[in-house]
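Here is a short note on this model, for a colleague who will work from the coordinates. The points cover the ligand shell and the sheet.

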Amino acid sequence: MTDRVLVTGGAGYIGSHVVRQLGEAGYDVVVFDNLSTGHEWAVTHGKLVVGDLADPEALEALFAANEFAAVLHFAAHIIVPESVSDPLKYYRNNTRNTLNLLGAMSRHGVNRIVFSSTAAVYGMPDQQVLTEDLPLAPINPYGASKMMSERMIMDLASASDLDYVILRYFNVAGADPQTRLGQATPEATHLIKVACECATGARDGMQIFGTDYGTRDGTCVRDYIHVEDLASAHVRALEHMQQGNGSEILNCGYGRGFTVREVIDVVKRLSGADFPVTEAERRAGDPEALMADNQRIRRRLDWAPAYDDLDTIVQTALDWERHWQARQNNPTDQ
Ligand SMILES: NC(=O)c1ccc[n+]([C@@H]2O[C@H](COP(=O)([O-])OP(=O)(O)OC[C@H]3O[C@@H](n4cnc5c(N)ncnc54)[C@H](O)[C@@H]3O)[C@@H](O)[C@H]2O)c1
Ligand SMILES: O=c1ccn([C@@H]2O[C@H](COP(=O)(O)OP(=O)(O)O[C@H]3O[C@H](CO)[C@@H](O)[C@H](O)[C@H]3O)[C@@H](O)[C@H]2O)c(=O)[nH]1
């Protein structure tokens with residue numbers, strides 16, 4: 001059995017951290033990415049094939065040229081408000097292109113997949129700590145596009161020898177502690193990224209979306225997971241399938257949450273910067289509080305986080321942000 005693995009979207013934020021850990025674990029990695037939001041420099045291990053999942057010929061050539069032991073599928077569009085205004089863009093790239101990928105895997109006998117899903121598949125649940133067997137009720141096309149992809153994967157698995165690990169990420173943040181990788185998406189909307197851009201002077205200020213929630217300080221609660229811990233879950237998921245342990249659906253989070261105000265306070269304290277923060281209306285589609293019940297991933301993958309600390313998450317994000325801005329200002333000085 002070969003240990004060559006295909007990583008779609010491996011030039012992006014989360015995929016690039018996973019590629020680094022896979023490379024360090026000895027896997028032979030092939031990244032397939034159209035570089036729409038990813039970066040060539042972010043592929044630190046293996047080979048990058050520039051191509052689009054919407055292109056059947058490129059996919060066919062990729063699978064004909066390589067014998068893959070498994071696929072890790074990250075490639076997607078990820079901006080929730082954009083999915084509301086342009087839903088077909090999300091169904092095309094997230095749902096239809098997952099169908100294209102599953103078709104190529106099926107034709108070429110590749111029978112293991114790790115899939116990047118999201119807490120957005122749960123929608124606006126009544127409870128705050130979420131288990132994997134809750135009913136899925138996404139409230140935006142992004143979440144729906146991922147739920148439909150999950151369903152296709154499960155249906156194909158029922159009809160074939162496909163094994164899968166569906167990972168439902170909660171709020172991913174932080175960066176490689178050695179600042180080799182980090183979130184480099186232009187016009188990012190994620191809370192910790194936005195606050196770090198304010199702290200380092202790349203933005204003048206930011207808003208808190210909603211201060212009248214029923215939480216301890218009125219702002220939304222989220223379960224922030226360090227990208228390195230999320231990456232290690234992927235390596236374990238791959239090993240789990242390679243050892244013949246079958247398919248899983250697993251939440252990826254720490255099981256505790258922080259409010260928006262608490263996150264901003266940590267960014268201010270660690271950076272020493274006091275940037276302007278204004279209070280604004282609730283953002284459409286924001287659930288009040290989301291936290292992962294992570295008992296299943298701990299048990300099934302024997303996964304234990306190494307960075308479960310908000311200061312560590314924010315410090316690595318701040319270090320990356322400073323590095324990334326210096327690099328953009330002096331592109332030759334890398
Ligand atoms: N960032 C989060 O907090 C979060 C939370 C839950 C789930 N996810 C999921 O994790 C995955 C990775 O997200 P990310 O934050 O690293 O985003 P990202 O935008 O940094 O990475 C996505 C990568 O996929 C590539 N890509 C997109 N469409 C493609 C296509 N048609 N063909 C080939 N390559 C394509 C992009 O160029 C990019 O490198 C996504 O599936 C996303 O839905 C992310
Ligand atoms: O400038 C900002 C940005 C965000 N927020 C708030 O901060 C919280 C977190 O927002 P954000 O970082 O945008 O993440 P989410 O909207 O929770 O979504 C992320 O986490 C989900 C899983 O929980 C994934 O499904 C999504 O893909 C991913 O973007 C929310 O209450 C936002 O309203 C602000 O108040 N101001």
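1. Counting first: Ala, Val, Leu, Ile, Met, Phe, Trp, Tyr, Cys and Pro are taken as nonpolar, Asp, Glu, Lys and Arg as charged, and the others, Gly among them, as polar. On that basis, the shell around ligand 2 holds 13 nonpolar, five polar and three charged residues. Keep in mind that this is a predicted model.

2. The shell around ligand 2 has 21 residues. Nearest to the ligand are Thr118, Ala119, Ala120, Phe209 and Cys220.

3. Which elements supply the shell? Helix H6 (191–199) and strand E9 (206–209) give at least two residues each. The largest share is that of E9, with four residues.

4. Domain 1 (4–173 + 224–252) and domain 2 (191–222 + 255–292 + 307–329) each contribute at least three residues to the shell around ligand 2.

5. Now the sheet. Seven strands form an open sheet with parallel pairing, in the order E3-E2-E1-E4-E5-E7-E12. Strand E3 (47–50) and strand E12 (248–252) are at the edges with a single partner strand each, so one side of each has no neighbour in the sheet. On average, neighbouring strands are turned by 20 degrees against each other, direction ignored.

6. Val31 sits opposite Leu48 of E3.

7. Helix H7 (residues 227–242) lies across strands E1 (4–8), E4 (70–73), E5 (112–118), E7 (163–169) and E12. The angle between H7 and E7 is about 165 degrees.

Terms used: Residues numbered from 1 in each chain as written. Chains lettered and ligands numbered in written order. Predicted model: local features only at pLDDT ≥ 70, side-chain atom pairs only at ≥ 80, totals over all residues. Pairing = 2+ DSSP bridges. Axes fitted to C-alpha atoms, helices over the stretch in contact; angles between N-to-C directions. Contact = placed C-beta atoms within 7 Å. Near = placed C-beta within 6 Å. Domains from an automatic or database assignment.
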